[in-house]
Amino acid sequence: MRFLIAGAGIGGLTAALCLAKDGHQVVLLEQSQAFSEVGAGLQCGANAMKVLQYLGLDQALRNNAVEPQAIHFREHDSGNILYQVPLGERYQRQYQAPYYHIHRADLQAALLEQAKALPNIQIQLGAQLVSFSENETSVTLKLSNGESIAGDCLIGADGVRSQVREQLLGTNSARFTGNVAWRAMVPMSALPNDFMPALTTNFVGPSKHIVMYYVRAKQMLNIVGVVEGRTENSTSWVQKAPWQDFYDDFAGWHPMVTQAINVVNKDQCYRWALYDHPPLVKWGSNRVTLLGDAAHATLPFMASGAAMAIEDARILQRCVAENSALKEDVQIKEALSLYQRNRSSRTAYVQKTSAKLGKLYHINNRYLQRAAFAGLKLIGPSKEAYLPSYDANTVALN
Ligand SMILES: Cc1cc2nc3c(=O)[nH]c(=O)nc-3n(C[C@H](O)[C@H](O)[C@H](O)COP(=O)(O)OP(=O)(O)OC[C@H]3O[C@@H](n4cnc5c(N)ncnc54)[C@H](O)[C@@H]3O)c2cc1C
C-alpha cells in the first residue's frame, strides 16, 4: 500500500517508520526546506519509549537522554516540595521502559536517520500540502508548487494548524488557550555543577509554572515557563521575545528559577502561544486520517503531546495490519475507523486532564494550592499508571 504523510514532525516520522516496517511504501511530505534543530526538550514516558524501542531506537536515544529520578512539584517561592512522582529504576521496572528527557532534535535525528536508510520511505522537503481529493480508489494531494501526488491513504500529521484537518472538518478549530510558554536551553557550563540533581523540577505558583530538566547527557538545561491569562498578540505561534519579559514573568520566584533565567541567551528567547483542540469524536474519512497534534493538540501540562503522536503511529500501523486480509479499498476504511476508535478516548483524556492540571499548577492562593497538592497525594498515585502502563505494541484493539 502507498501511504502519503503530510508533515515530518515526530508524529509523521514515527508513522513513516512504523508503516515502512510492514513493507508499505511511504511518501513523507514536509513543507520546510530543511530539518532544523528545534531547541526544546521532551519528556518521554514509558508509553512512548516502548514504541521507540520497537523501532530499535532506544540505544541511539540512550546515548544522549537523561533519566530523571523523580518529578518534584515545588512551591514557586519557598521551593517547598508539594508533591513528587518517583521515576528512575523503580519506574522502569514497573512499566518495562524508561522515562527519558530527550532533546527534541536528538529524537528527530534518530527517527530521520532510520527513515533515510529505508528504501520504501521517500522524503520530500519543501513539499507543502494545500489540498486533497479522494475517491473510491485513491487520494490525490495538491502541493503548493503545483505538483500532484496520488496514493492509497493520506495521514495528516501536519501539526496543530493542520491543513488536512481544516479540509476534513471544514475548520481547523485550534483555539488559543490564553497560555504562553517561554522555552530556552542553557548550557550547563553556565551553571554550577550542583545546580540540581537529575530531576524534573516544576515550580508552580500564581498563574504560572516553570519546569526545568536536563537533556543531552546533562550538558544542557531545558526550561519551559508557562504563563496564563495572556491575549493573543500575533498570528505566529512562536516568536522571538525580549529576555526581560521572561525575567519579569518569574521575578521573585525561587532563586533557582532566576539563576537559570539569568543565563538564558538574551538574543535567543522564544515565546510560544499555546493552542489546543477540543476533543473530537470523528477525525477521518475513508482514505484520510489525522495523527498527533493535527488530531488532538493539547496543552503541554502532562508533557504528552509527542507521546500521543508516537502511540498513534504504532496503533495506526497495527490497525492496517489487522485488516490486511480485506480487499484494499475496504482495508483502509476499516483500518482508519479502527485506529480512530482506539485513539479517541485516550487522547481526549490527555487533552482534558492537561487543561485540569494547568488549573492545579496555577492556583493563585498558596494555602489552596497546598491543600490541592495534599489532595493529589491521596489520589495521584492511583492515576499515575494510566499513561506509562499503556503498551501500543500489545494493547488489545477493539
Ligand atoms: C511548551 C511545550 C512543551 C512540550 N513538552 C512536551 C513533552 O515534554 N513531552 C511530549 O510528549 N510532548 C510535549 N509537547 C508536545 C509536542 O511538542 C507535540 O505534541 C508534538 O511535537 C506534535 O508532533 P506532531 O508530529 O503531531 O506535530 P509537529 O511537531 O507540529 O509537526 C508537524 C509537521 O508538519 C509540517 N507541516 C505543517 N503543515 C504542513 C503542510 N501543509 N504540508 C506539509 N507539511 C506540513 C510542519 O512543518 C511540521 O514539521 C510540548 C509542547 C509544547 C508547546
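The largest share of the shell around the ligand comes from α10, which supplies four residues. The structure described here is a predicted model. In total, 34 residues surround the ligand, and the closest are Gly7, Gly9, Gly159, Gly292 and Gly305. Two or more residues each are given to this shell by α1 (10–21), β2 (25–30), β3 (41–44), β12 (175–187), β17 (270–276), α9 (293–296) and α10 (305–322). Classified by residue type, the shell around the ligand comprises 17 nonpolar, 13 polar and four charged residues.

Helix α2, spanning residues 46–54, is mostly covered, with seven of its nine residues buried. The buried positions in α2 are Ala46, Asn47, Ala48, Met49, Lys50, Val51 and Leu52. The cover over these buried residues includes α1, β3, α3 (58–62), α4 (88–95), β6 (100–103) and α10. Just after α2, a positive phi of about 75 degrees is adopted by Gly56.

A further site examined is Val130, located in strand β8 (residues 129–134). Val130 is partly exposed because 13 other C-beta atoms lie within 10 Å, whereas a buried residue would require 20 or more and an exposed one 12 or fewer. When neighbours within four places in sequence are left aside, Val130 is in contact with Lys142, Leu143, Ser144 and Gln163. The C-alpha atoms of Val130 and Gln167 are separated by 9.4 Å, the two residues being 37 residues apart along the chain.

Methods:
Residues numbered from 1 in each chain as written. Predicted model: local features only at pLDDT ≥ 70, side-chain atom pairs only at ≥ 80, totals over all residues. Near = placed C-beta within 6 Å. Nonpolar A, V, L, I, M, F, W, Y, C, P; charged D, E, K, R; others polar. Contact = placed C-beta atoms within 7 Å.
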